[in-house]
Amino acid sequence: MANPIIHPPWHIPERSVTPEHVFRNRRAFLKELGLAGGGILGSAAALQSAESAAKSAGKYPAARNPKFNPGWRLTDASIAGSYNNFYEFTLDKQRVKDLVGNFQTSPWPIQISGLVEKPQTIDAQELVDQFTLEERVYRFRCVEAWSMIVPWTGFPLSKLLEKVGPKSEAKFVRFETFNRPAQAPGMLRLPNYPWPYFEGLRMDEAMHPLTMVVTGIYGKPLPKQHGAPVRIVVPWKYGYKSIKSIVKIEFIKEQPKTFWETLAADEYPFESNVNPKVPHPRWSQATERVIDTGDRLKTLPYNGYAAEVAKLYGKT
Ligand code: MTE
C-alpha cells in the first residue's frame, strides 16, 4: 500500500493446507484436526470446532442472493486468490498464498466484547453456524487503484449485531486480526507496524445491509490468503477497511484508531469511502485497474453503491 514491495529471500511451502478432498471427508478431516488439537481452545474444543467446520463445509456453495447478482463479469478466481494484500504475511501480493501454510485457522476463538448485551468468546464455526449463508457479487476497490468483482459468501453483519445486542452507548465497532508472528512472517519482517491489524466502523455503517461478515468466496470457504476463517467486507469503502481473519469484535463509544490511520493519518482516514474526486496524496483515485483483464475503468463514487449508502453521509 504505502510501501515498496519487498521480495523476502525465504519461502515457506504450503505444506499444512488441508487438501480439499480431506476437508470434504468428515472423518479424515476430524482426525487431521484432532492431531493438531493442542491449540488455544484445547483438544475437546478443537474436535467440536472440527465437527462444526465439517458441517459448515456442506453449506457451500450458498445460494446467490438475487438482489446482489448484477450480471457483471466475475474476476478470475485464481487471479483474485494470488493477488492479495495481507501484510501479516508479506507485502508481496503474489506471494501471500505461498506463505499462509503455517497459519492455523481452526480452532478460531472470536471475542465479542465491550458495550454489548451478550459478550462472549465463541469459535468462528460455531458463530457462523448460527446464520444462513448467502452469496453476493460485489465490486471491491483497493486504495491502490486496483479492483475486482467477486462472489462473497457470508451474512449481513447486522444479523450478528442483532444477536449480540450492542448497547445504546455503543457508537462504533472495532475489529482486530490475530496476533501470531510465528505463523505470519510479515509481522516479524515489519516490527514497526502497530500489529495486530485493527479497523473500525460507525455503528450505522456496521448495521448497513451491504456490510457483510464473509466466510467464503467463489462458492467455497475462504482460502487463507483471502482472510480465513472470517472477515468483514464493506464494498463502498477502500479495501483496507475490509479486515481479514478477525479475532475480536468490540463495541465502543469513541471512534477507534485504525491500523493504517496510525501509520499515515492523512493518507488513510477512518471514513475512507471510495471517492474518485479525492486523490490519495500520492496518486489519483479517478480510475482503477481490473486485476485480471488489466482494463482501466472510471472509479465510481462509493464504488458504485452511492444509491445505497450516500445517505449515511448526508448526501443524496
Ligand atoms: N486485513 C488484514 N488483517 N491485513 C491486511 O493486510 N489488507 C487490506 C484488507 N484486509 C489487510 C486486511 C487491504 S489493503 C485489502 S485491499 C484487502 O484486505 C484485500 O483483500 P483480498 O486479498 O481478499 O483481495
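Pro61 is found in the loop between helix H3 (42-57) and helix H4 (77-80). In this predicted model, the peptide bond from Tyr60 to Pro61 is cis, with omega near -5 degrees. A cis bond also joins Ala228 to Pro229, again with omega near -5 degrees. Pro229 belongs to the loop between strand S8 (220-221) and strand S9 (231-233). A further backbone feature concerns Ser272, which is not a glycine but has a positive phi of about 50 degrees. Ser272 is placed in the loop between helix H10 (259-263) and strand S11 (287-290).

Rolling a probe the size of a water molecule over the atoms shows where empty space is left. In the whole structure, a search finds two cavities of 30 Å³ or more. The largest cavity has a volume of about 290 Å³. Its lining consists of 23 residues, and those nearest its centre are Asn85, Phe86, Arg231, Gly239 and Lys244. Strand S4 (residues 146-156) supplies the largest share of this lining, with three residues. Sorted by class, the lining of the largest cavity has 14 nonpolar, six polar and three charged residues.

The ligand sits in this largest cavity. Around the ligand there are 19 residues, of which Tyr87, Glu88, His226, Arg231 and Lys244 come nearest. This shell comprises 10 nonpolar, six polar and three charged residues.

In the case of His226, a polar side-chain atom is 2.7 Å from an oxygen atom of the ligand. The side chain of Arg231 has an N or O atom 2.7 Å from an oxygen atom of the ligand. On its own, the ligand has 530 Å² of accessible area, and the protein covers 100% of that area.

A separate part of the search concerns open pockets. The second largest pocket holds about 420 Å³ of space. Lining this pocket are 24 residues, and Tyr238, Asn273, Val274, Asn275 and Val278 lie nearest its centre. What classes of residue make up the lining of the second largest pocket? The lining divides into 13 nonpolar, six polar and five charged residues.

Conventions: Residues are numbered from 1 along each chain as its sequence is written. This is a predicted model: local features need pLDDT of at least 70, side-chain atom pairs count only at pLDDT 80 or more; totals for chains, interfaces and linings use all residues. Side-chain values use heavy atoms; hydrogens and water are left out. A residue is near a molecule or strand if one of its heavy atoms lies within 4 Å of it. A polar contact is a pair of N or O atoms within 3.5 Å; within protein, one must be able to donate a hydrogen and the other to accept it, and residues adjacent in sequence count only if both atoms are side-chain atoms. Accessible areas come from the Shrake-Rupley method with a 1.4 Å probe; for residues, only the protein chains shown count as cover. On a 1 Å grid over the protein atoms alone, a cavity is a set of points where a 1.4 Å probe fits but cannot get out, and a pocket is an open set with protein on both sides within 12 Å along at least five of seven lines; lining residues have an atom within 4 Å of a point. A molecule sits in a cavity or pocket if more than half of its atoms lie within 2 Å of its grid points. Ala, Val, Leu, Ile, Met, Phe, Trp, Tyr, Cys and Pro count as nonpolar, Asp, Glu, Lys and Arg as charged, and the others, Gly among them, as polar. Grid points are joined across faces, edges and corners, and a volume is the space filled by probe spheres set on the points. Helices (H or I, at least four residues) and strands (E, at least two) are DSSP runs, numbered from the N terminus.
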